[in-house]
Amino acid sequence: MGKNKNIEEHNRLLKIAFNLFIEKGYSKTSFQDIAEMANVQKALVQYYFPHKEVFINLFLSQSLDVISDFIKNSDLEIGNEINNLYLIGYFEFWYLINDKNMEFLKYDIVSSRQNTQKVIAMVVNWALKYINLENEKEAREITDAITISMGGAFEYVYMCLTTSRAVCPKYIVEKIVLVMNTMLGFSTASTHICEFFEDEWLIEKTTELNKIIFE
């Protein structure tokens with residue numbers, strides 16, 4: 001019984017934090033803000049979440065898990081685990097760039113080198129578990145490819161946001177896939193991964209994703 005209550009409180013605090021990130025942004029949300037909104041002591045929040053970056057890691061891992069399930073259940077998987085990873089990545093970038101709830105969070109991620117590094121490290125860990133690589137050399141190659149391609153992508157997004165240029169997820173993901181395929185020695189034929197999606201489907205699934213993450 002006590003364990004279930006702990007899980008319930010953990011999840012309640014997590015959703016409160018996520019909703020504050022929508023309203024104020026990740027960088028401007030403090031442990032005290034979360035505690036006040038939850039009507040608990042700050043020490044309790046820090047008991048469940050010792051470091052603030054835990055929130056962003058959980059947000060990204062949860063959203064990637066949900067997106068992965070959406071793609072699997074919609075029969076969009078295309079057999080190759082790397083290509084399926086690209087599908088998940090495109091949805092995640094589309095969500096980050098286009099969804100109004102991500103307005104503050106996307107800027108928080110790309111405007112801080114520290115946040116960018118943490119996000120990329122988390123995505124690398126998630127991707128390696130998704131692909132289930134046991135070969136150390138291949139895992140290192142995947143890590144390098146994701147780090148270089150996503151690092152460049154985040155720099156590009158930051159440039160666009162600070163110069164009022166439109167940000168196109170399709171363009172970004174095609175470049176990420178091109179860089180990764182080149183580094184990994186794969187065919188570049190899969191660079192048009194975005195063609196597997198229709199905007200109507202993305203909008204519908206984004207609505208579902210927001211309900212799961214924030215409500």
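When I say that two residues touch, I mean that they have heavy atoms within 4.5 Å of each other. Keep in mind that this is a predicted model.

With that, take Lys205, which sits in helix 10, residues 199-214. Leaving out residues up to four places away in sequence, Lys205 touches Phe70, Ser74 and Phe91. Is Lys205 buried or exposed? Its relative accessibility is 14% and the cut-off for buried is under 20%, so Lys205 counts as buried. Lys205 also has a salt bridge to Glu208, at 3.5 Å from N to O. Both residues are in helix 10, 3 residues apart, or about one turn. Glu208 is partly exposed, at 30%.

Lys106 pairs with Glu103, with the closest N and O atoms 3.8 Å apart; both lie in helix 6. Lys106 is buried at 7%, whereas Glu103 is partly exposed at 46%. Lys137 pairs with Glu141 at 2.5 Å, and these two are 4 residues apart in helix 8. Here Lys137 is partly exposed at 48%, and Glu141 is partly exposed at 33%.

Helix 8 also contains Ile148. Together with Val179 and Met183, Ile148 forms a nonpolar surface patch of about 240 Å² accessible area.

Last, the core. The largest nonpolar core has 73 residues, and Val45, Phe55, Phe59 and Phe154 have the most contacts inside it. Helix 5, residues 81-98, supplies the largest share of this core, 12 residues. Beyond its sequence neighbours within four places, Phe154 has contacts that include Phe93, Leu96 and Ile109.

Key: Residues are numbered from 1 along each chain as its sequence is written. This is a predicted model: local features need pLDDT of at least 70, side-chain atom pairs count only at pLDDT 80 or more; totals for chains, interfaces and linings use all residues. Side-chain values use heavy atoms; hydrogens and water are left out. A nonpolar core is a set of buried Ala, Val, Leu, Ile, Met, Phe, Trp, Tyr and Cys residues joined through side-chain atoms within 4.5 Å. Buried means under 20% relative accessible area, exposed over 50%, partly exposed in between (1.4 Å probe, protein chains only). Patches are made of residues with over 30% relative accessible area and no salt bridge: like charges are joined within 9 Å, nonpolar side chains (Val, Leu, Ile, Met, Phe, Trp, Tyr) within 5 Å. Accessible areas come from the Shrake-Rupley method with a 1.4 Å probe; for residues, only the protein chains shown count as cover. A salt bridge is a side-chain nitrogen of Lys or Arg within 4 Å of a carboxyl oxygen of Asp or Glu.
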